Amino acid sequence: MTYLAKPKLHHPGLPVNALGHTRRDYEGAVSTLCAGCGHDSISAALIQAFFEMDVPPHRVAKLSGIGCSSKTPTYFLGNSHGFNSVHGRMPSVLTGAALANRDLIYLGVSGDGDSASIGLGQFAHVLRRGVNMVYIVENNGVYGLTKGQFSATADKGSKSKRGATNNDEPIDLVQLALALGASFVARGFSGDKEQLVPLVKAAVAHHGAAFIDVISPCVAFNNHPGSTKSYDYVREHNDAVNRLDFWPSRDAITADYPPGSVREVELHDGGTVRLHKLHDDYDPSDKVGAMAYMESHRLRGEVVTGLLYVRPDSEDMHDALETVERPLNALSDADLVPGSAALAAINASLR
Ligand SMILES: Cc1ncc(C[n+]2csc(CCOP(=O)(O)OP(=O)(O)O)c2C)c(N)n1
Ligand code: SF4
Ligand SMILES: [Mg+2]
């Protein structure tokens, strides 16, 4: 319960990262979600990823919409900036914040209802603009917070807890993100932290719009036979195309893998993602191939996970707009009011 304060004390032997922080420094308030909710496992993966990446918590801004998923930023990175916005509107708030201060790591946390229904337009534009962020949808196929209505990502033919059948075609947010121009697209499963943690790290190191769809079962309303977003279904139908390791730029890569089964992708900040190919025919730099692969496996009822697409030379919104390097609040009066000579030069350039 959030009214129960978490004890600040911790075991003196807890491991610390390069900043001298323990994992506990990356936690938040005690979760109020249902025990077993997939969203809590995603929070745990985020805590681990940011701790292991030695990210100073004050350099992170968490933004969310409305839903059980959108409540989760309260439960991790308690020492970071946070903004719980309105339903489906997180992307525009995040875009504004990113424009004002490009020095922070932006983490958008949303749900399938928040992003695929009321917020679908916002989802589309934040990805096509290439906002430098990690956008996570905690995808359970239902509106958990409002008691389990089908969401737009529920598969056609899947059954609700009360036995009703969903007759509508699903929106696959991964396919949509690819079509919209996201330069990093991945899918994870809340029940597979080993896969999710490196996906999060790679997304943080990526320069541009990084999207991760995380299948996250709702134990209260969508974890029964007939659901395609239950723990059992995803475990049985998970088709992982690759496994990855992430090395920050400062670490030398020492591991040795057999050639042919590994592919390295260097990220913007000099970090490296090493992909262990589980399917030899899968190439995460081939966008058209990725789209075809997703669709053919979706039709077979399989849930494709892993790093699905990455464009290492990606640009972001700031590159396109040629915005100033410094955060707006760090600009001086002289920067903001450059004087009449500068104005005359601008006017002359427009004549
Ligand atoms: C403008 C507006 N419309 C409707 C609602 C009611 N509402 C709250 S959360 C929610 C859906 C949340 O679903 P999802 O984003 O999938 O989150 P989950 O709870 O499943 O994690 C809805 C419809 C609202 N809060 N605001
Ligand atoms: S209702 Fe579902 S999504 Fe919400 S906390 Fe409970 S299990 Fe999680
Ligand atoms: Mg949901």
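Reader: Is R187 buried or exposed?

Author: R187 is buried, with a relative accessible area of 8%. Bear in mind that this is a predicted model.

Reader: Which side chain does R187 meet in a salt bridge?

Author: That of D213, with N and O 2.9 Å apart.

Reader: Where do R187 and D213 sit in the chain?

Author: R187 is in strand β7 (residues 184–189) and D213 in strand β8. They are 26 residues apart, and the pair links distant parts of the chain.

Reader: And D213, buried or exposed?

Author: Buried, since its relative accessible area is 1% and the cut-off for buried is under 20%.

Reader: How many salt bridges are there?

Author: The count comes to eleven. Take D155 and K229, whose closest N and O atoms are 3.7 Å apart.

Reader: What does that pair tie together?

Author: D155 lies in the loop between β6 (149–150) and α6 (173–180), and K229 in the loop between β8 and α8 (231–237), so the bridge ties together parts that are 74 residues apart in sequence.

Reader: How accessible are D155 and K229?

Author: D155 counts as partly exposed, at 22% relative accessibility. K229 counts as buried, at 8%.

Reader: What about E295, which side chain does it meet?

Author: E295 meets R298 in a salt bridge, at 3.1 Å from N to O. Both residues lie in helix α9 (residues 287–299), three residues apart, or about one turn of the helix.

Reader: Accessibility of those two, E295 and R298?

Author: E295 is partly exposed at 27% relative accessibility. R298 is also partly exposed, with a relative accessible area of 25%.

Reader: Which residues do salt bridges with shared partners join into a network?

Author: D172, R187 and D213 are joined into one network that way.

Reader: Switching to aromatics. How many pairs in the whole structure?

Author: A search of the whole structure finds six aromatic pairs. In one of them, the ring centres of F123 and Y135 are 5.3 Å apart.

Reader: Why is that pair called edge-to-face?

Author: Because the planes of the F123 and Y135 rings are at 85 degrees, and the cut-off for edge-to-face is over 60.

Reader: Where are F123 and Y135?

Author: F123 lies in helix α5 (residues 120–128) and Y135 in strand β4 (residues 133–139), so the pair ties together parts twelve residues apart in sequence. Both F123 and Y135 are buried.

Reader: How do the rings of Y135 and F211 sit relative to each other?

Author: Their centres are 5.9 Å apart and their planes are at 65 degrees, so the Y135 and F211 pair is edge-to-face.

Reader: What does that one tie together?

Author: Y135 is in strand β4 and F211 in strand β8 (residues 209–215), so the pair connects parts that are 76 residues apart in sequence. Y135 and F211 are both buried.

Reader: Which residues form the cluster with Y135?

Author: F123 and F211; together with Y135 they form one aromatic cluster.

Reader: Now the surface. Which residues gather in the patch of negative charge?

Author: D103, D313, E315, D319 and E325 gather there.

Reader: Where is D313?

Author: D313 is in the loop between β13 (303–310) and α10 (317–321).

Reader: Why does D313 count as exposed?

Author: Because its relative accessible area is 63%, and exposed means over 50%.

Technical notes
Residues are numbered from 1 along each chain as its sequence is written. Chains are lettered from A and ligands numbered from 1 in the order in which they are written. This is a predicted model: local features need pLDDT of at least 70, side-chain atom pairs count only at pLDDT 80 or more; totals for chains, interfaces and linings use all residues. Side-chain values use heavy atoms; hydrogens and water are left out. Patches are made of residues with over 30% relative accessible area and no salt bridge: like charges are joined within 9 Å, nonpolar side chains (Val, Leu, Ile, Met, Phe, Trp, Tyr) within 5 Å. Accessible areas come from the Shrake-Rupley method with a 1.4 Å probe; for residues, only the protein chains shown count as cover. A salt bridge is a side-chain nitrogen of Lys or Arg within 4 Å of a carboxyl oxygen of Asp or Glu. Lys and Arg count as positive and Asp and Glu as negative; His and the chain ends are not counted. The place of a charge is taken as NZ of Lys, CZ of Arg, CG of Asp or CD of Glu. Helices (H or I, at least four residues) and strands (E, at least two) are DSSP runs, numbered from the N terminus. Buried means under 20% relative accessible area, exposed over 50%, partly exposed in between (1.4 Å probe, protein chains only). Rings of Phe, Tyr and Trp (its six-membered ring) pair if their centres lie within 6.5 Å; planes under 30 degrees apart count as stacked, over 60 as edge-to-face and the rest as tilted.
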